[in-house]
Amino acid sequence: MRYFIKNAEGQELVCPTLADLHTLYAQGFLTDEDLVRAESSQRWVPASALPALRGVRDRRAEPRKMALVLIAAAVLVLAVALLVRGGFR
């Protein structure tokens, strides 16, 4: 089944399969706000509302969360190192 995608500017794209739609969403080409409808439907829904894409959105957010945690940990280690180093002088 084909899927139709409409972005905020009203531009439309035809996606040949659900697998292709999934790939576009996973790679960030398709955003949560883009509207999607199946070939058999007249109703447009936000990509974030499609059950088939729900897990992809969660996985896409994980690398950002992990990066923030790593940055916070690095800052904490640096701060502790500076405190320890300055406390022994």
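This is a predicted model: local features need pLDDT of at least 70, side-chain atom pairs count only at pLDDT 80 or more; totals for chains, interfaces and linings use all residues.
Reader: In β2, which residue is the bridge partner of Ile-5?

Author: β1 also pairs with strand β2, residues 12-15, in the antiparallel sense over four bridges. The hairpin of β1 and β2 has five residues between the strands, and Gly-10 takes a positive phi near 90 degrees there. Within this pairing, the bridge partner of Ile-5 in β2 is Leu-13.

Reader: Which strands stand at the edges of the sheet, each with a single partner strand?

Author: The sheet is open and has four strands in the order β2-β1-β3-β4, with antiparallel pairing. One side of each edge strand is left without a neighbour in the sheet, because each has a single partner strand, and these edge strands are β2 and β4.

Reader: Which residue in β4 does Leu-35 stand opposite?

Author: β3 and β4 pair in the antiparallel sense, and this pairing extends over two bridges. On the β4 side, the residue that stands opposite Leu-35 is Pro-46.

Reader: Which element gives the largest share of the largest nonpolar core?

Author: This core holds 14 residues, and those that touch the most other members are Ile-5, Leu-21, Leu-30, Val-36 and Leu-53. Two or more residues come from each of β1 (3-6), α1 (18-26) and β3 (35-38). The largest share amounts to three residues, and the element that gives it is α1.

Reader: Which residues does Leu-53 touch, not counting residues up to four places away in sequence?

Author: Leu-53 is among the core residues that touch the most other members, as are Leu-21 and Leu-30. Once residues up to four places away in sequence are set aside, the residues that Leu-53 touches are Leu-21, His-22, Tyr-25, Leu-30 and Ala-47.

Reader: What percentage of the residues of the chain count as buried?

Author: The chain has two helices and four strands, and from the N terminus on its elements run β-β-α-β-β-α. Its accessible surface comes to about 6500 Å², of which 63% belongs to carbon and sulfur atoms. Residues count as buried at under 20% relative accessible area, and of the 89 residues of the chain the buried part is 19%.

Note on methods. Residues are numbered from 1 along each chain as its sequence is written. Side-chain values use heavy atoms; hydrogens and water are left out. A nonpolar core is a set of buried Ala, Val, Leu, Ile, Met, Phe, Trp, Tyr and Cys residues joined through side-chain atoms within 4.5 Å. Buried means under 20% relative accessible area, exposed over 50%, partly exposed in between (1.4 Å probe, protein chains only). Contact means heavy atoms within 4.5 Å. Two strands pair if DSSP finds at least two bridges between them. Accessible areas come from the Shrake-Rupley method with a 1.4 Å probe; for residues, only the protein chains shown count as cover.
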